[in-house]
Amino acid sequence: MNERVSAVSARHGALVVDMWSHPACADISTYSSDMIHASMRGHTLLAAETIRRLGRQLASA
């Protein structure tokens with residue numbers, strides 16, 4: 001799935017924030033009680049990483 005997302009995003013010029021290898025993903029507090037969706041902490045981490053990724057993109061433009 002990640003390969004397809006990467007290919008489609010590259011084709012369309014979209015940014016991808018890949019959290020798969022982020023150290024916080026190993027922490028269960030990142031997930032809600034169903035262990036699938038992000039918790040409040042998880043959403044905060046996703047937002048922070050998205051801002052960092054956008055910042056890198058803007059800096060290189």
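Q: Accessible areas come from the Shrake-Rupley method with a 1.4 Å probe, and for residues only the protein chains shown count as cover. What is the accessible surface of the chain, and what share belongs to carbon and sulfur atoms?
A: The accessible surface is about 5000 Å². Carbon and sulfur atoms account for 63% of that area. This is a predicted model: local features need pLDDT of at least 70, side-chain atom pairs count only at pLDDT 80 or more, and totals for chains, interfaces and linings use all residues. Residues are numbered from 1 along each chain as its sequence is written, and side-chain values use heavy atoms, with hydrogens and water left out.

Q: How many helices and strands are there in the chain?
A: The chain has two helices and zero strands. Helices are DSSP runs of H or I with at least four residues, strands are E runs of at least two, and both are numbered from the N terminus. Helix H1 covers 2-12 and helix H2 covers 40-59, with a loop between them.

Q: How does the radius of gyration of the chain stand against that of a compact globule?
A: The chain has 13 Å, whereas a compact globule of 61 residues would be near 10 Å. The radius is taken over C-alpha atoms, and the globule rule is 2.2 Å times the number of residues to the power 0.38. Along the principal axes, the C-alpha atoms fill a box of roughly 40 × 25 × 15 Å.

Q: What makes Ser9 count as buried?
A: Ser9 has 11% relative accessibility, so it falls in the buried class. Ser9 sits in helix H1. Beyond its neighbours within four places in sequence, Ser9 is in contact (heavy atoms within 4.5 Å) with Ala14 and Val16.

Q: What share of the contacts with a separation of 6 or more comes from residues 24 or more positions apart?
A: The share is 32%.

Q: Which pair does Asp27 form a salt bridge with, and how far apart are the closest N and O atoms?
A: The partner is Arg41, with the closest N and O atoms 3.4 Å apart. The pair links distant parts of the chain: Asp27 is in the loop between H1 and H2, Arg41 is in helix H2, and they are 14 residues apart. Asp27 is partly exposed at 31% relative accessibility. Arg41 is partly exposed too, at 37%.

Q: How many salt bridges does the structure hold?
A: There are two. Besides the Asp27 pair, Arg52 bridges to Glu49, with the closest N and O atoms 2.7 Å apart.

Q: Why are Arg52 and Glu49 separated by about one helical turn?
A: They are three residues apart in helix H2, which means about one helical turn between them. Glu49 is buried at 18% relative accessibility. Arg52 is partly exposed at 46%.

Q: What is the phi of Met35, and where does Met35 lie?
A: Phi of Met35 is near 60°, a positive value in a residue other than glycine. Met35 lies in the loop between helix H1 and helix H2. At 45% relative accessibility, Met35 is partly exposed.

Methods:
Buried means under 20% relative accessible area, exposed over 50%, partly exposed in between (1.4 Å probe, protein chains only). A salt bridge is a side-chain nitrogen of Lys or Arg within 4 Å of a carboxyl oxygen of Asp or Glu.
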